[in-house]
Amino acid sequence: MSVNYYAFGSFSGGRRDGGGLHVGQSAAGQRFLFRAHPDQGLTTLADWLAFFHRPEVTLRNEYGRAVTVQEMRETMTATSDAQDLPLRGRSQGDGEDRYVTSGGHAFCRRAFC
């Protein structure tokens with residue numbers, strides 16, 4: 001099972017009446033997969049964390065449940081699951097669409113579900 005996360009607010013892609021700006025996806029047994037938005041300067045974990053602290057930003061999962069910044073941070077940085085089993089890293093990359101940062105966080109530059 002996977003869950004997508006979105007940011008909403010007064011920024012490009014953050015329409016409250018639309019899908020919001022895609023933050024990324026958690027999936028059972030795998031580390032978080034970030035959605036990169038180079039046009040907005042969102043290409044690292046640090047970029048996303050700073051972005052979340054903007055006053056107009058709210059976070060929701062794909063089911064409409066509000067997510068706190070702390071919960072989002074924990075989801076994005078988790079390395080083990082609820083049973084303390086290690087999460088698998090995401091793909092190291094597939095050309096220009098995916099990359100992994102020095103901190104081991106996987107990013108995708110294109111839209112995904």
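**Close-up views of a predicted model**

**View 1. Strand β3 is mostly covered.** In β3, five of the six residues are buried, where buried means under 20% relative accessible area, exposed over 50% and partly exposed in between, using a 1.4 Å probe and protein chains only. Strands here are DSSP runs of E with at least two residues, helices are runs of H or I with at least four, and both are numbered from the N terminus. This is a predicted model, so local features need pLDDT of at least 70 and side-chain atom pairs count only at pLDDT 80 or more, while totals for chains, interfaces and linings use all residues. Residues are numbered from 1 along each chain as its sequence is written, and side-chain values use heavy atoms, with hydrogens and water left out.

View 2. β2 and β3 run antiparallel and are joined by three bridges; two strands pair if DSSP finds at least two bridges between them. Ala27 has Gln30 in β3 as its bridge partner. The two strands make a hairpin with two residues between them, and Gly29 in the turn has a positive phi of about 80°.

**View 3. Seven strands make an open sheet.** Follow the order β5-β4-β1-β2-β3-β7-β6, and you'll find mixed pairing. β5 (66-67) and β6 (98-100) sit at the edges with a single partner strand each, so one side of each has no neighbour in the sheet. β1 and β2 pair in the antiparallel sense over six bridges, and Tyr5 has Gly24 in β2 as its bridge partner.

**View 4. Helices α1 and α2 pack together.** α1 (residues 45-52) and α2 (residues 69-77) pack at an angle of about 170°, with axes 10 Å apart. Axes are lines fitted to C-alpha atoms, for helices over the stretch in contact, and angles run from 0 to 180 degrees between N-to-C directions. That's why the two count as roughly antiparallel to each other, a label for angles over 145 degrees, with under 35 roughly parallel, 65 to 115 roughly perpendicular and the rest oblique. Leu45, Trp48, Leu49 and Phe52 in α1 meet Val69, Met72, Arg73, Met76 and Thr77 in α2; contact means heavy atoms within 4.5 Å.

**View 5. Phe52 has a set of contacts.** Leaving aside neighbours within four places in sequence, Phe52 touches Val23, Val57, Leu59, Val69, Met72 and Met76.
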